[in-house]
Amino acid sequence: MATLGEIVAALDLKVRSGEDKMGTEVHGGYTGDLLSDVMAGSKEGDLWITRQTHQNIVAVASLKDHAGIILAGGAEPAADTLEKAKREGIPILVSNRSAFETAGMLFEMISSQKTGRSG
Amino acid sequence: MKLKPFRCDLHIHTCLSPCGDLDMTPRAIVARAREVGLDMIAVCDHNASENVRYVQQAAEGKGIVVLPGMEVSSREEVHLLAIFDNLESLEAFQEVVYRCLPGLNDERYFGCQPIVNEFDEVEGINERLLIGATGLSLEEVLTAVHSRGGLLVPSHVERQSFGIIGQLGFIDPALPFDALEITSGSVSSFREKHPELAPFVFLRSSDAHFLTQIGRSFTRAWLAEASFAELRLALHRLEGRYVEE
């Protein structure tokens with residue numbers, strides 16, 4: 001477990017929306033650009049890593065109650081996407097790293113904290 | 001005016017599409033379309049349209065109407081059929097697409113992209129990466145097509161790959177698509193699975209990449225004549241025109 005704020009600091013993410021949600025605890029994550037797959041496979045509270053910037057990502061994150069969205073590869077949210085994210089209070093975070101690296105670092109961080117807690 | 005049913009297959013690729021069979025030449029497409037009894041077709045290559053005029057020319061006097069079209073890939077990698085009233089509108093849209101389509105084709109990996117005329121002679125090769133996606137968002141494609149008088153129809157919405165639901169999870173009912181296309185299965189079973197799409201009109205088409213696939217799925221549209229204007233009326237259920245499901 002880690003908070004969004006800790007993840008932002010550790011992965012050097014830029015916060016584009018949801019500045020007030022940095023205390024949210026993150027227990028898991030999901031990676032995918034096919035929104036149908038993300039809707040089917042992700043879980044509540046996941047931090048979702050994607051390269052998709054269409055405004056439907058906000059709807060999917062709201063529907064699935066995600067902790068937030070990381071846009072990988074330096075992708076910036078489309079204007080309407082960002083507006084919607086701000087309105088719905090969904091954190092959008094931008095990573096300059098690839099989805100692969102971002103997911104690796106996030107996994108490492110969450111799982112090592114889990115180990116630390118249980119150990 | 002007396003309406004009649006017309007058989008329409010509005011999604012046919014030519015050999016210009018990298019994944020289109022090389023036998024998909026203008027003359028062969030027209031001959032096959034007639035053989036299977038189609039009245040109206042639309043030529044929709046991936047992000048390109050150079051062969052449209054040649055299929056139209058090959059169809060002259062053959063009793064089959066060829067509408068100018070393109071299957072454009074949006075930034076979200078959603079495939080969409082853009083169908084126009086005339087070649088000029090399509091060419092204006094093509095300019096927009098080419099401004100936003102990066103990369104060059106490598107035919108060893110993706111396939112050849114020949115421009116073939118109405119005599120089935122090779123006129124040239126399209127060097128662009130037609131298999132790629134444009135930088136245009138779904139909404140930008142909608143605006144670019146509608147502002148040029150065209151119809152925009154998300155392709156093969158039942159399919160996971162490059163279909164709008166697969167890519168974007170669901171269809172925003174506020175988006176003014178002129179219809180949705182399905183290429184396999186029945187419209188009624190798709191409607192049962194997706195009751196939220198009830199307001200949309202559905203087109204069935206073949207998405208033919210090979211000659212034998214032309215007309216394997218088609219739409220019966222009740223029109224006064226086979227034309228773009230009549231098709232538009234049918235998709236918007238106006239003046240008695242409609243498409244059968």
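Two strands pair if DSSP finds at least two bridges between them. Keep that in mind as you tour this predicted model.

**Stop one: a hairpin in chain B.** Select residues 114-116, strand β5(B), together with residues 122-125, strand β6(B): the two pair in the antiparallel sense over three bridges. Click on B:Pro114 and you will find its bridge partner, B:Ile125, in β6(B). The two strands form a hairpin with five residues between them. While you are in the turn, pick out B:Asp120, which has a positive phi of about 65°.

**Stop two: an enclosed strand.** Now select residues 40-46 of chain B, strand β2(B). Seven of its seven residues are buried, so the strand is largely enclosed by the rest of the structure. Show the side chains: B:Met40, B:Ala42, B:Cys44 and B:His46 point one way, while B:Ile41, B:Val43 and B:Asp45 point the other.

Follow the chain from β2(B) through helix α2(B), residues 52-59, to β3(B), and you trace a right-handed β-α-β crossover.

**Stop three: the sheet in chain A.** Here an open sheet of five strands has the order β2-β7-β6-β5-β4, with mixed pairing. Its edge strands are β2(A), residues 14-17, and β4(A), residues 28-31. From one strand to the next, the twist averages 25°. Finish with helix α4(A), residues 79-88, which lies across β2(A) and β7(A) and runs at about 80° to β2(A).

Key
Residues are numbered from 1 along each chain as its sequence is written. Chains are lettered from A and ligands numbered from 1 in the order in which they are written. This is a predicted model: local features need pLDDT of at least 70, side-chain atom pairs count only at pLDDT 80 or more; totals for chains, interfaces and linings use all residues. Helices (H or I, at least four residues) and strands (E, at least two) are DSSP runs, numbered from the N terminus. Axes are lines fitted to C-alpha atoms, for helices over the stretch in contact, and angles run from 0 to 180 degrees between N-to-C directions. Two residues are in contact if their C-beta atoms, placed from the backbone, lie within 7 Å. A residue is buried if 20 or more other C-beta atoms lie within 10 Å of its own, exposed if 12 or fewer, and partly exposed in between; C-beta atoms are placed from the backbone. A crossover is right-handed if, with the strands pointing away from the viewer, the path from the first strand over the helix to the second runs clockwise.
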